[in-house]
Every structure is written in structure tokens, then in C-alpha cells.
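Please look through the sequence and the three-dimensional structure shown below before reading on.

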Amino acid sequence: MMRTLRSRLVLFFVGLLVLAEATVLVLVDGAASRIATQEVDSGLRAGVAVFQRLLQQDRQQIERAGELLSADFAFREAVGTRDIPTAHSVLVNHGRRIGAGAMMIVGLDGQVIVDTLHPHSPPKPFPFADLLAAAGDSNSRGASGIVLLPEAWLYQIVVMPVLAPDLIGYVVIGFPVDDGFVQKLKTMTALEVSFAVRRADGAWTVLASTLPATSASRLATALAGVGHGADTMDFDVAGQPYLGRLAPLETKSNVPVVAALHRSVAEAAEPFDRLRLALLIVAAVTLLASVGGSIVLARRVAVPLQTLTSLARRIRDGDYATAARIDGPEEIEALADSLDHMREGIARREDEIGRLAYQDSLTGLPNRVRFQQRVDQVLRHASDTHTTAAVLLMDLDRFKNVNDALGHDVGDQVLQVVGKRLRGSLRDCDTVSRLGGDEFAVLLPGVDAEGARDIGERIAVALEEPIRLHGHTIDVGASIGATLYPVHGTDLAGLLRHADVAMYAAKRGRIQYALYDPAVEDTRAVHLSLLSELRRAVEQDELELRFQPKVDLAACRFASAEVLLRWTHPVRGVLPPSEFIPFAEHTGYIRELTRWLIEAAARQSGLWRAQGHTIRLALNVSARDLLNPDLPAIMAESLSRHGVPPDSISMEVTETALMEDPAGAHATVRRLRELGVKLSIDDYGTGFSSLAYIKRLAVDELKIDRAFIKELVHDADDQAIVRSTIELGHNLGLQVVAEGIEDAHTADKLREMGCDLGQGYHFARPLPADELMQWIDTCARLCVSAGKGVGEDTRQTVLLA
Ligand code: C2E
Ligand code: MG
Ligand code: MG
């Protein structure tokens with residue numbers, strides 16, 4: 001609890017105040033008791049003086065009373081005539097009038113004649129002869145003193161001569177030092193007055209005192225402890241401290257008598273007590289006020305701080321909605337302001353991060369992560385409410401061409417337009433996301449197969465309209481695959497996988513929209529396993545190169561070899577390219593395959609070169625390879641590594657492949673040609689290539705498709721086509737090759753037609769590398785005579801040289 005700022009502030013201020021007030025109180029208290037003691041002491045001194053003065057005055061009064069009595073004629077006569085009864089009654093009357101306690105008449109012989117205290121006792125000597133002597137002195141007007149009478153009582157006595165006119169006796173007037181007397185002294189001195197005598201045994205007896213009886217008896221004991229000659233004596237009365245002074249009295253009795261004068265310190269300190277009380281009240285009031293004040297002050301600081309703390313906690317928990325509005329001290333308001341700016345900054349940045357994390361930056365559509373979240377949410381709801389939902393997956397049919405032909409900027413703009421069109425053809429509750437590249441996914445909550453088809457077709461229509469950008473009219477159709485929750489999948493991964501299958505089915509079927517059909521999945525599964533097998537084939541060298549010679553028809557000699565792939569499948573045996581090349585092309589794996597092919601062919605060519613043979617090789621590449629911008633670099637690198645000059649290599653591209661994407665292929669072909677690699681159009685006649693295009697590509701060779709060669713000898717149409725193709729090729733400066741020559745007649749016919757090169761089983765089947773060398777060895781510079789193919793026993797060879 002003490003750790004809070006508020007309690008610390010309160011504690012500090014209150015503690016400070018208590019310390020200050022306690023110091024003042026202690027100082028005041030010390031000063032007060034010092035002043036009180038001094039006051040009491042000086043009061044005592046004054047009191048002692050007054051006391052002595054009073055004793056003296058008293059004595060003078062008694063003396064005057066004695067003078068009056070001794071001057072009384074009747075009294076003088078009674079004393080002179082020793083008329084005891086008269087003298088006695090005069091004494092009694094006079095004594096009563098002046099309040100004397102004892103009256104005596106003493107004869108000149110020193111014998112007490114009359115004693116009012118003991119009227120009937122026989123005469124006895126007056127004990128204080130010196131007083132008599134002093135009083136009898138002719139100059140004296142009497143003598144006085146304090147005496148202890150034989151009854152052990154203290155008296156203030158005056159001895160006056162009785163003159164008639166000669167001295168005839170003495171009159172003694174005594175006033176007892178009793179309680180009445182001390183009370184009178186107290187009234188006049190404002191001191192406690194006590195008279196005490198020390199008896200013969202040394203103990204003190206208090207004869208008269210203004211103190212209460214119990215204190216008086218304690219005083220006697222205390223007096224015994226006082227040192228000889230000491231004139232101060234402090235004493236406790238009813239627990240209160242009293243300061244005292246001792247005034248020794250001169251007595252005529254040889255008995256020490258002392259007057260103890262006391263004054264209460266407490267009484268003197270009383271005004272200071274009131275001051276102290278007042279101070280305490282002021283201290284208490286200021287303490288209360290300061291506690292209250294510091295609580296209020298602390299709250300003014302601490303409450304805004306607490307508000308800021310809870311605000312900071314909210315910011316930590318991601319709640320940026322509440323602004324810090326604080327009404328407090330300036331510094332805290334400034335802190336609140338800074339916190340507010342921080343809150344806004346964090347909120348802005350978090351928004352931005354959220355946008356970057358969940359939005360596709362190009363199209364502004366939700367990205368894959370966001371799509372996943374949305375799908376999870378919709379599927380959860382669909383599962384709770386037993387409703388359906390659909391996921392559509394699509395990619396643009398010709399987007400690659402757009403990118404390659406018109407550049408990535410245009411490609412990006414096309415994607416943005418597509419994104420807008422998609423959004424425009426959907427309901428508010430639908431979500432469209434760009435998953436990457438030209439791939440988009442759409443989530444349709446609450447739709448069934450029919451609803452999905454409606455929206456899918458609407459999308460297809462929206463995308464069919466050509467996009468006009470920078471003067472280009474761009475046609476991007478889409479193939480859409482659809483899946484339904486829950487029949488085709490219960491999570492995004494499953495739904496997308498099946499939508500992908502459906503999308504490829506749509507592509508293959510050249511339709512815009514296809515709903516997932518589990519039957520399609522089977523062929524796809526086969527494809528998937530084939531793909532992994534093909535990968536393994538490349539990695540584990542299950543692929544092999546075969547070389548089929550191209551023969552110079554006119555010179556009858558080996559010209560070059562076409563490289564053809566064979567796959568020795570561990571289960572299915574040797575597979576021809578038709579079994580795996582189309583699949584590799586479809587999945588895109590052809591790029592890997594071609595890379596392998598180039599490397600293997602270059603290695604073989606390098607080996608042959610090392611053995612002194614220069615074999616020109618023709619490699620088959622696919623349309624997809626020509627869209628790979630890295631192909632020229634891969635080629636250049638492999639060839640140079642194996643020391644193979646590029647002009648000993650040519651590429652065979654089928655006519656249909658070239659026409660699939662003429663613009664895309666053009667750039668790669670041009671760079672390959674710059675490298676020195678030659679280009680051959682394979683299967684010429686089956687596609688629809690324009691001559692203008694072939695010319696622009698600067699092709700080196702045309703390979704007439706086997707379809708025109710097979711029946712050449714018998715088919716006049718084929719002969720016409722082949723003849724005109726040869727002519728056309730020659731006109732364009734190209735070499736013309738005929739493939740699929742299976743017999744000598746066909747070879748002769750083609751030679752006759754002026755065809756430059758021939759290839760076919762008639763000369764040789766595709767051969768392993770070493771067999772090709774044997775074939776060249778045995779058949780080089782041989783010409784094959786009519787009717788027999790190379791390698792048959794019956795062949796007839798003609799030496800050319
Ligand atoms: P293509 O480039 O037109 O190759 C010629 C095909 O005709 C070869 O089939 C060859 O064996 C066959 N052939 C050659 N002479 C005769 C003949 O006298 N009679 C008959 N009936 N056929 C003959 P293959 O090896 O099965 O290749 C088929 C196609 O596969 C090739 O056609 C080529 O387009 C493609 N291909 C082969 N190897 C590769 C390759 O490494 N990469 C790529 N992309 N495609 C390849
Ligand atoms: Mg070929
Ligand atoms: Mg061919």
C-alpha cells in the first residue's frame with residue numbers, strides 16, 4: 001500500500017508536519033518548564049523576603065499592642081500592687097482584643113506572676129531572661145523573638161517593660177505560630193508556609209503548615225534529609241513538584257526552627273500548559289488540514305496517473321479507441337498528450353501492418369492469410385447452421401502472354417482490373433482474394449452448386465470483356481474451378497485442392513467453369529505420382545539420350561543427330577517421350593527436364609569432341625521452354641562448360657508450339673540465335689505457322705512432318721505439298737529435312753525432289769551414343785541403295801568419295 005504514489009505523498013507531507021510540530025512542542029515545553037522553574041524560584045525569593053517582612057510587621061504590631069497595655073493606668077497599678085486578679089483580667093481582656101494566644105506578667109525578679117495560659121500555676125521563672133534584659137534596658141521600648149514555649153509550641157512573643165514610671169515588671173504578649181498564622185502568611189505571600197522545629201533527638205516536627213496534613217508529615221521526614229546549611233528544598237505535594245526555600249528563624253529557645261516556603265511548579269506552569277494545549281490544538285488542526293490537503297493534492301496527481309496507467313494497459317491490449325483526456329497538473333496533461341500521440345501512432349502503424357499482413361498490395365484484395373481467416377469463420381458458421389458454402393479458384397488463361405509481351409507493369413494493371421471486376425460481380429458477403437500470381441479465390445457463403453455456378457458464370461462473363469490498357473486490347477479469359485462445403489471438403493486446404501482439380505478440368509475441357517468431380521481426381525492422382533516419379537527419374541539418371549542421325553541426302557553421309565529422350569521406368573520399362581513429355585509440359589516440369597537434357601547433350605558432345613568427333617546435335621524443346629527467359633543462359637553455360645561451340649547445336653521446336661505463343665517465344669529464340677544456336681521448325685505442315693513469322697524468327701531449318709512422308713511415294717498430294725515446301729524453304733534460305741523416312745524409295749524420291757536432309761528408320765533408329773559412333777563408322781561416306789535400310793544385311797552401300 002505504501003508503494004502507491006498517493007500514500008507516499010501523503011506520508012511525506014504529514015510526516016514533515018508532525019516532525020515540525022513535535023519540534024516546536026518540545027522546544028516550547030522545555031522553555032516553559034525552564035521559565036516556570038525560574039518564575040517559581042524568583043517568586044520564592046520574593047516570597048521569602050515578604051515573609052520576613054511580615055514577621056517583622058507582626059512583631060511591630062504586637063509591640064504597639066504591648067505599649068498600649070503597659071501604658072494603661074489600671075494595669076500599671078494592678079502590676080504595681082500585685083493585684084493578681086485584676087492584672088489577670090486586664091490581660092485576658094486585652095489579649096482577647098488583640099487576639100494574643102498567651103499573656104504574661106513577669107516580675108522584676110524574673111518570676112512569671114500572671115500567665116493566661118496557666119492561670120492557676122504557681123509563679124515560675126520566665127525562661128527567656130535575655131529578652132527580659134533587653135526589654136529592661138532603659139533605651140529599649142521592648143524586645144521580641146520567636147520562642148518555643150514549654151508546651152512545645154512556637155510563639156512570637158514581645159516583652160514590654162511596665163513603667164510606673166520606674167520599671168515595675170514586664171508584660172509578655174505571645175502570638176502562636178499556628179495554622180491561622182501560616183494561613184495569613186500564605187494569603188500574603190502566595191506561598192505554602194510551614195514551620196518546623198528540630199527536636200532534641202534530631203527529628204523534625206511540623207508545628208504549622210498550609211500544606212495538607214499528609215504532606216506536612218512527609219515534609220518533616222524530608223527535612224531530615226536536607227543537608228546542613230542548605231536553603232533550598234524541592235518537594236512533591238500530591239505528586240506535583242514544589243520548589244522550596246528554607247528560612248531559618250532566630251529563636252530564643254536554642255531549638256532550631258525553620259520556616260519552609262514552597263511554591264507549586266505546576267501552578268507557575270499553568271499558563272504554559274494552556275499555551276501547550278493551544279499549540280496542540282493548532283498542531284492537530286494543521287495536521288488534519290495537511291492530511292486532507294495532501295490527500296487531495298496526491299489525488300490530483302495520482303488519479304490522472306492511474307487513468308493514464310489504465311489507458312496504457314488498454315493500448316497494450318490493443319484497444320486504441322479511448323483517447324487520454326486528463327484534467328490534472330500541467331506536466332501530467334503533457335504526459336497524457338504524449339501518450340495520446342503514441343496511441344494514435346501505434347494505431348496507425350498497426351493498421352498499416354494489418355493492411356500489409358492481410359491485404360494484397362497490388363489489388364488491395366484480401367491476401368491468402370486473410371482469406372484463410374475468412375474461410376475458417378464462414379465454415380464454422382456454416383457448420384453451426386448446417387448451411388453450405390462454395391470456394392471458386394481461377395487463373396487467367398493468357399496472363400503469362402500479357403506479362404511477357406507487354407511487360408509487368410501492364411500485367412499488374414490487368415490484375416488490378418481483374419480484381420475490380422471480380423469484386424464487382426460478387427455479393428457483399430462474398431470474399432475475393434488474390435492468392436498469388438494470376439490466381440484468385442472466391443468464397444461464397446451460403447450457396448449450393450447452382451448458386452456457385454451462377455456466380456461463376458457471372459465472373460466468367462465479367463472477365464470475358466477485353467481489357468483496354470495503353471492502347472492495347474487485352475483478352476484474358478479465366479478458367480474457374482468450384483468446390484462445395486461440406487461435400488468436397490471441410491477446410492480451406494481440401495476445398496482449394498479440389499477447386500484446383502476442377503480448374504484444370506475446365507482448362508482441359510476448354511470451358512470457363514467446372515464444378516469439382518471426384519472422378520477427375522483419379523487421373524490427377526496418377527499425374528501426381530507420375531510427377532514425383534519423373535523427378536526421381538531425373539535425379540537418378542533413369543533418363544537416357546538416343547541419337548537419330550540426319551543424313552545428307554545428296555552426299556549420302558551423316559550430317560547431324562537428333563537427340564531423343566528415353567525413360568527406362570523401373571516398372572513400366574522403356575517409355576517413349578509421348579508417355580511423359582506432354583505431362584511434363586503440362587505441369588511445368590519440362591523446364592527441369594530440358595535443363596537436364598541440355599546438360600546431358602552438352603556433356604556427350606564434349607566427350608565426343610574430346611575423342612576428336614564433331615557431331616552436330618539437334619535438341620527438342622517445348623513451347624514452355626521458349627517462355628523461360630533463363631533458357632539461353634542455361635544453354636550458354638552448359639555448352640561453354642563442356643567446350644561445345646553453340647553453332648554445333650540446333651533447337652527443334654514444333655510448329656504448333658511456336659504458334660501457341662509467338663510473341664513469348666520470339667525473345668528467347670532471338671537470344672538463342674544471338675548465342676549461335678540454330679533453330680529448326682519441327683513437324684512442319686501440321687500447324688498453321690505464317691511464313692512471315694518464320695521469316696522473322698530467322699529459322700535455319702524446316703522439318704517436314706512424317707505425315708507427309710509416310711505415303712510420299714504413292715500419294716500425289718503429299719508429293720505436291722512436300723515439293724512446294726522444299727521449294728518454299730529453299731526460297732527462304734532454309735535447309736529442308738524430311739523425317740520418318742522408312743524406305744529407300746522414299747529417300748530416293750526426296751533426294752530427287754531436292755530435299756537436303758533425311759531422317760528415319762531407313763537410315764537408323766534412335767541409337768545410344770556408342771552405337772551412333774559405330775553407325776557413323778560403318779556408314780560414313782556410304783550411301784544407301786534403293787530398297788534397303790541401313791543396318792540390314794542386304795544393304796548395298798556406295799562409296800561417295
Ligand atoms: P520429333 O521431334 O518429331 O522426333 C521424331 C520422332 O519420330 C521420334 O519419336 C522418332 O523416334 C520418330 N521416328 C524417327 N524416324 C522414324 C520413322 O522412320 N518412322 C517412324 N514411325 N517414326 C520415326 P520419339 O523419339 O518417340 O519422339 C517423339 C517426340 O517426342 C519427338 O518428335 C519430339 O517432339 C518429342 N521429344 C523427344 N525427345 C524430346 C526431348 O528431349 N525434349 C522434348 N521437348 N521433346 C522430345
Ligand atoms: Mg524433333
Ligand atoms: Mg518431328
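In which crossing, left-handed or right-handed, does helix 18 pass helix 20? In this predicted model, the crossing of helix 18 with helix 20 is right-handed. Two packed helices are described by the angle between their axes and the distance between the axes. Here the axes of helix 18, residues 631-641, and helix 20, residues 662-675, come within 9 Å and cross at roughly 25°. Angles under 35 degrees count as roughly parallel, and therefore helix 18 is roughly parallel to helix 20. On the side of helix 18, the contact is made by Leu 631, Pro 632, Met 635 and Ala 636. Helix 20 contributes Thr 668, Arg 671, Leu 672 and Leu 675. Sorted by class, the residues of this contact are six nonpolar, one polar and one charged.

A second pair of helices may be described in the same terms. Helix 1 spans residues 5-71 and helix 7 spans residues 265-316. Their axes come within 8 Å and cross at roughly 170°. Because angles over 145 degrees count as roughly antiparallel, helix 1 is roughly antiparallel to helix 7. The residues in the contact of helix 1 with helix 7 comprise 32 nonpolar, four polar and six charged.

The next topic is the nonpolar cores. The largest nonpolar core has 81 residues, and among these Leu 593 and Leu 750 touch the most other members. The element that gives the most to this core is helix 16, residues 590-610, with nine residues. Which residues is Leu 593 in contact with, leaving aside its neighbours within four places in sequence? They are Leu 534, Val 538, Leu 543, Leu 565, Phe 580, Ile 581 and Ala 584. There is also a second, separate core of 33 residues, which includes Leu 362, Leu 426, Phe 440 and Ile 467.

Finally, consider one residue of a strand. Val 172 lies in strand 6, which covers residues 167-176. Is Val 172 buried or exposed? Its relative accessible area is 2%, and a residue counts as buried when this value is under 20%; Val 172 is therefore buried. Not counting residues up to four places away in sequence, Val 172 touches Ala 102, Met 103, Met 104, Val 106, Phe 126, Ile 157, Val 158 and Val 159. One of these, Val 106, is 66 residues from Val 172 in sequence, while the two are 7.4 Å apart in space, C-alpha to C-alpha.

Note on methods: Residues numbered from 1 in each chain as written. Chains lettered and ligands numbered in written order. Predicted model: local features only at pLDDT ≥ 70, side-chain atom pairs only at ≥ 80, totals over all residues. Heavy atoms only, no water. Axes fitted to C-alpha atoms, helices over the stretch in contact; angles between N-to-C directions. Helix = DSSP H or I, 4+ residues; strand = E, 2+ residues; numbered from the N terminus. Parallel < 35°, antiparallel > 145°, perpendicular 65-115°, else oblique. Left-handed = near helix turned anticlockwise from the far one by under 90°. Contact = heavy atoms within 4.5 Å. Nonpolar A, V, L, I, M, F, W, Y, C, P; charged D, E, K, R; others polar. Core = buried A, V, L, I, M, F, W, Y, C linked by side-chain atoms within 4.5 Å. Buried < 20%, exposed > 50% of the residue type's maximum accessible area, 1.4 Å probe, protein only.
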